[in-house]
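The sequence and the structure come first, and the description follows.

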Amino acid sequence: MEGFDKNADFERNDKEEIFSKAVRAGKRTYFFDVKATRKNDYYLTLTESKKRFEDDGRFFFEKHKIFLYKEDFDKFSEGLEEAIAFIKEIQGNEESTNVYKEEEEVEQVAGTPYSNIDFEDLHK
């Protein structure tokens with residue numbers, strides 16, 4: 001292709017993802033990815049990834065993504081902080097790990113329920 005510079009395109013693609021942070025939370029993983037536009041403006045993508053199972057036992061990852069642009073950072077942050085503060089005020093600041101435990105116990109593979117095994121118990 002005339003006028004196509006592979007090195008220039010590689011450098012542009014290399015700049016697109018600036019930073020990435022994965023946060024595991026039970027059966028979900030949240031990804032915070034800072035990316036750059038062609039004009040080098042940064043934006044944030046928030047992705048929730050959750051492992052799901054088909055009826056035949058095969059799995060896939062269900063993903064939901066939000067694009068957050070720098071002009072919305074302050075308003076988004078204020079709204080998120082306000083919502084979290086509300087929940088903590090009403091329900092307290094307790095860890096809600098029991099939600100994740102319930103989901104893990106109920107999850108089924110190929111129609112057969114399984115339980116979590118603590119491998120430390122095997123050494124006793």
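A residue is called buried under 20% relative accessible area, exposed over 50%, and partly exposed in between, with a 1.4 Å probe and protein chains only. By that rule Tyr 69 is partly exposed, at 37% relative accessibility.

The model is predicted, so local features need pLDDT of at least 70 and side-chain atom pairs count only at pLDDT 80 or more, while totals for chains, interfaces and linings use all residues. Residues are numbered from 1 along each chain as its sequence is written, and side-chain values use heavy atoms, with hydrogens and water left out.

## Overall layout

The protein has 3 helices and 6 strands. Helices (H or I, at least four residues) and strands (E, at least two) are DSSP runs, numbered from the N terminus. Along the sequence their order is α-β-β-β-β-α-α-β-β.

Of the 124 residues in the protein, 15% are buried.

Contact means heavy atoms within 4.5 Å. Among contacts between residues at least 6 apart in sequence, 24% join residues at least 24 apart.

## Aromatic rings

A pair of aromatic rings is described by the distance of the centres and the angle of the planes. Rings of Phe, Tyr and Trp (its six-membered ring) pair if their centres lie within 6.5 Å; planes under 30 degrees apart count as stacked, over 60 as edge-to-face, and the rest as tilted. The whole structure holds 4 aromatic pairs. Two of them are listed here.

| Pair | Centre to centre | Angle of planes | Type |
|---|---|---|---|
| Tyr 43 and Phe 67 | 6.2 Å | 35° | tilted |
| Tyr 43 and Tyr 69 | 5.6 Å | 35° | tilted |

Tyr 43 lies in strand β3 and Phe 67 in strand β4, so their pair ties together parts that are 24 residues apart in sequence. Tyr 69 is also in strand β4, so its pair with Tyr 43 in strand β3 links parts 26 residues apart in sequence. Tyr 43, Phe 67 and Tyr 69 form one aromatic cluster.

Not counting residues up to four places away in sequence, Ile 66 touches Leu 44, Thr 45 and Leu 46. Ile 66 and Phe 32 are 34 residues apart in sequence, and their C-alpha atoms are 9.9 Å apart.

## A buried threonine

Which residues does Thr 29 contact, leaving aside its neighbours within four places in sequence? They are Ala 22, Val 23, Arg 24, Thr 47, Glu 48 and Ser 49. Thr 29 is in strand β2 and is buried, at 11% relative accessibility. Its side chain makes a polar contact with the side chain of Arg 24, at 3.2 Å. A polar contact is a pair of N or O atoms within 3.5 Å; within protein, one must be able to donate a hydrogen and the other to accept it, and residues adjacent in sequence count only if both atoms are side-chain atoms.

## A loop residue

Most residues other than glycine have a negative phi. Asn 40 is not a glycine, yet has a positive phi of about 65°. Asn 40 sits in the loop between β2 (28-36) and β3 (42-53), and is partly exposed at 42% relative accessibility. Asn 40 and Glu 16 are 24 residues apart in sequence and 8.2 Å apart in space, C-alpha to C-alpha.
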